[in-house]
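Please look at the sequence and the structure below before reading on.

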Amino acid sequence: MTTQDRRVKVAVVGLGKVGCAFAYAMTIRRLATDLLLLDIDRRRAEGEAMDLRHGLPLVGPMNIAVGGPEDCADADIVVITAGAAQKPGQTRLELMKTNAAAVAGIVERITAAGGRPLLLLATNPVDIVTHVALRASNLPPGQVLGSGTVLDSSRFRSLLAEHCRVDPRNVHAHVLGEHGDSEVLLWSRCNISGIPLELFCEERGMGCGAAFREATQEGVTRAAYDIIDRKGSTAYAIGLSLCRIVEAVVRDQKSVLTVSTLAEGHYGLADVCLSMPCVVGAGGVEQILDAPLDPGELEALRRSGAILRGHLDDLAR
C-alpha cells in the first residue's frame, strides 16, 4: 500500500497538541492522499483543516477533511491521540482509567462504522491503551499497535549521538518495555554503524562507563517530565514518531520499530502490550523479533511487563 499505487486515507482522532503535530508532519511528508481530522470540538477541527489546507500550494496536493467516526469506515489507518494530557509531575500510568475508557469508546464507534483499519495509538499510558483498544476492536493483534518506545528509542539515539558527536542516523539503539518509568535501554546492542558503542567511544577517546549510562538512562526516562515541566506538553517528536510508523505501513517498508504490541508468548511475557522489536509493514506488526537480550535486560523487560499486567488487572476490577 503506497501513495503512488493508490489512495491512502489516514484519520487522526484528537486534535490536541500531539494530534496537530502529527497532522502537520503528515501534510509536510504527504504520506497519504486523504487526511481526515476528528475532534470532539468540530469547529476546532475545521480550523485546523483550514490552516493545513492553506499550506498545500507549498507542498503538493492532498485531501484534508473533517468528519466523525462514520467517516473512518474506509480509512486505512486511524491514529488515536485523544485523551487527557499528562500534567507536570504526573506519571503516564496515573492517566490510565480516564484515557482507557475514552479510547475504548472511540474504538467501538470506529469499528461500528464497518471498516477494519489499522489502529495506531498514541494516547497515554500507551501500552495500557493499546491493550484496551485491541480488546475493544476485535481486530487481529498486528492491526492494533501503539507508538510505544519509538520516541524513547529516538531520544536514546539522540543522546548517544550528542555524546559520540556523530550523525544520529548512524546510531542504532533501542528501548523496550513500557513507554514509561520501567522502560529498558538495551545497552548490550548499542552500536554506531555496526561498531559496538564501547569500542567506538574508546577509539574516539571518550568514556561511556557507568556514570554516563546512568545519566543517559535518566535523560531518556525523564525526558517527557522535563519537557512538560518547561513547556507544558510534548508534541513534535511524538508527532514525528507517529509519522515514521505510518510511513513504514503505507510504504510497506518492513521497518524494525519498537512499537507496542501484544507480547504474549514472547520473552516469557504474559497477556500484555509493550514495546519489542517488530517488523512493521503494510500488515501492521508483521513479526515480533525475539532478539537476544543479556540476562539483566531480559529480567528488566519481564519486570516491566509485570508492572503493566498489574495495572491491567487493576483496570479490570
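## An open sheet of strands

Strands β12 and β15 pair in the antiparallel sense over 3 bridges. Two strands count as paired if DSSP finds at least two bridges between them. Strands (E, at least two residues) and helices (H or I, at least four residues) are DSSP runs, numbered from the N terminus. In this pairing L257 stands opposite C278 in β15. The model is predicted: local features need pLDDT of at least 70, side-chain atom pairs count only at pLDDT 80 or more, and totals for chains, interfaces and linings use all residues. Residues are numbered from 1 along each chain as its sequence is written, and side-chain values use heavy atoms, with hydrogens and water left out.

The open sheet has 3 strands in the order β12-β15-β16, with antiparallel pairing. β12 (255-257) and β16 (284-288) stand at the edges with a single partner strand each, so one side of each is left without a neighbour in the sheet. From one strand to the next the twist averages 40 degrees; angles run from 0 to 180 degrees between N-to-C directions, and axes are lines fitted to C-alpha atoms, for helices over the stretch in contact.

Strand β15 (residues 278-281) and β16 pair in the antiparallel sense over 4 bridges, and a hairpin joins β15 to β16 through 2 residues. C278 stands opposite I288 in β16, while the bridge partner of V279 in β16 is Q287. In a regular strand the side chains alternate between the two faces of the sheet. C278 and V280 point one way from β15, V279 and G281 point the other way, and all are buried. Buried means under 20% relative accessible area, exposed means over 50%, and partly exposed lies in between (1.4 Å probe, protein chains only).

## A parallel pair

Strands of a sheet pair through backbone hydrogen bonds, either parallel or antiparallel. Strand β1 (residues 9-13) is joined to β2 by 5 bridges, and the two run parallel. The bridge partner of V13 in β2 is L38.

How many residues of strand β2 (residues 34-38) are buried? The count is 5 of the 5, so β2 is largely enclosed by the rest of the structure. D34, L36 and L38 point one way from β2, and L35 and L37 point the other way.

## Nonpolar cores

A nonpolar core is a set of buried Ala, Val, Leu, Ile, Met, Phe, Trp, Tyr and Cys residues joined through side-chain atoms within 4.5 Å. The largest one here has 62 residues, and those with the most contacts inside it are V10, M26, L37, I77, L120, V246 and V259. Helix α10 (residues 236-250) supplies the largest share of this core, 8 residues. A second, separate core of 24 residues includes V78, I106, I110 and V129.

What is V246 in contact with, leaving aside its neighbours within four places in sequence? The residues are V10, F22, M26, I77, V79 and L120. Contact means heavy atoms within 4.5 Å.

## Helix packing

Two packed helices are described by the angle between their axes and the distance between the axes. Helix α1 (residues 17-29) and helix α2 (residues 42-53) pack at an angle of about 25 degrees, with their axes 11 Å apart. These two helices are therefore roughly parallel to each other. Angles under 35 degrees count as roughly parallel, over 145 as roughly antiparallel, 65 to 115 as roughly perpendicular and the rest as oblique. The contact is made by C20, A23, Y24 and T27 of α1 and R44, E48 and L52 of α2.

The axes of helix α5 (residues 126-137) and helix α11 (residues 295-316) come within 10 Å and cross at roughly 55 degrees. That makes α5 oblique to α11. On the α5 side, D127, I128, H131 and V132 make the contact, and on the α11 side L308, R309, H311, L312 and L315 do.

## Backbone details in loops

A cis peptide bond joins N124 and P125, with omega at about -5 degrees. P125 lies in the loop between β5 (118-121) and α5.

R30, a residue other than glycine, has a positive phi near 50 degrees. R30 is placed in the loop between α1 and β2 and is partly exposed, with a relative accessible area of 33%. N138 is not a glycine either, and its phi is positive at about 60 degrees. N138 lies in the loop between α5 and β6 (144-146), and at 66% relative accessibility N138 counts as exposed.
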